[in-house]
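This briefing covers a nonpolar core, a helix and a pocket. The sequence and structure come first.

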Amino acid sequence: MTDEKKTTNLEDTVEQAERLEAEALAEEDAGIYTHILTTPLTYEGITYKKLTFNWDSLSGRDSVAIERDLLRRGITTVMAEFTPEYLTAMAARACTYRSEEDFRTVKAETLYALPMRDFRQICGAARRFLMRSESKPETEADGSGNNA
């Protein structure tokens with residue numbers, strides 16, 4: 001048996017990113033994603049069976065706030081769609097689950113407590129949303145025309 005390790009080079013990384021982008025673009029553009037947990041999660045006294053994320057509810061202010069918070073924690077975001085901490089914070093902000101008093105109860109720490117399969121699927125949905133939004137064709141009808 002050999003202990004060969006496959007090293008990842010830049011070309012492999014670029015190929016993987018291009019494949020993920022193509023997959024994201026091929027999917028229906030869903031601004032809302034509902035995830036049914038494989039097993040219910042009880043966190044801080046609240047039991048979650050499914051979580052809904054409204055990606056379209058997020059604004060540029062949310063993106064900047066997430067990046068600033070990560071920088072304060074010493075985490076640099078080069079590409080948001082490939083930074084798990086960014087995706088987690090984005091999902092926490094987009095989660096529609098609220099307490100009876102209408103307070104957000106799902107935080108990044110809540111998502112980190114999920115089983116890995118659920119956590120990765122939610123981060124994948126956030127990544128696909130970002131990739132679709134960044135790859136949308138630029139047309140004047142979409143509002144990307146010159147506003148000068």
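The largest nonpolar core has 29 residues, of which Leu51, Phe53, Trp55, Met90 and Leu111 touch the most other members. A nonpolar core here is a set of buried Ala, Val, Leu, Ile, Met, Phe, Trp, Tyr and Cys residues joined through side-chain atoms within 4.5 Å. The model is predicted: local features need pLDDT of at least 70 and side-chain atom pairs pLDDT 80 or more, while totals for chains, interfaces and linings use all residues. Residues are numbered from 1 along each chain as its sequence is written, and side-chain values use heavy atoms, without hydrogens and water.

- Beyond four places in sequence, Leu51 is in contact (heavy atoms within 4.5 Å) with residues including Tyr33, Leu37, Tyr97, Leu111 and Ile122.

**Helix H3**
- Eight of the 11 residues of H3 are buried, so the rest of the structure largely encloses H3; buried means under 20% relative accessible area with a 1.4 Å probe, protein chains only.
- Met90 is one of these buried residues, and the cover over them includes S2, H2, H4 and H5.

**Second largest pocket**
- Its 14 lining residues include Asp69, Ala89, Ala92, Arg93 and Ala108, which lie nearest the centre.
- H2, H3 and helix H4 (108-112) each give two or more residues to this lining, and H3 gives the most, with four.
- The lining divides into seven nonpolar, no polar and seven charged residues; Asp, Glu, Lys and Arg count as charged, Ala, Val, Leu, Ile, Met, Phe, Trp, Tyr, Cys and Pro as nonpolar, and the others, Gly among them, as polar.
- A pocket is an open set of points on a 1 Å grid over the protein atoms alone where a 1.4 Å probe fits, with protein on both sides within 12 Å along at least five of seven lines, and lining residues have an atom within 4 Å of a point.

Technical notes. Buried < 20%, exposed > 50% of the residue type's maximum accessible area, 1.4 Å probe, protein only.
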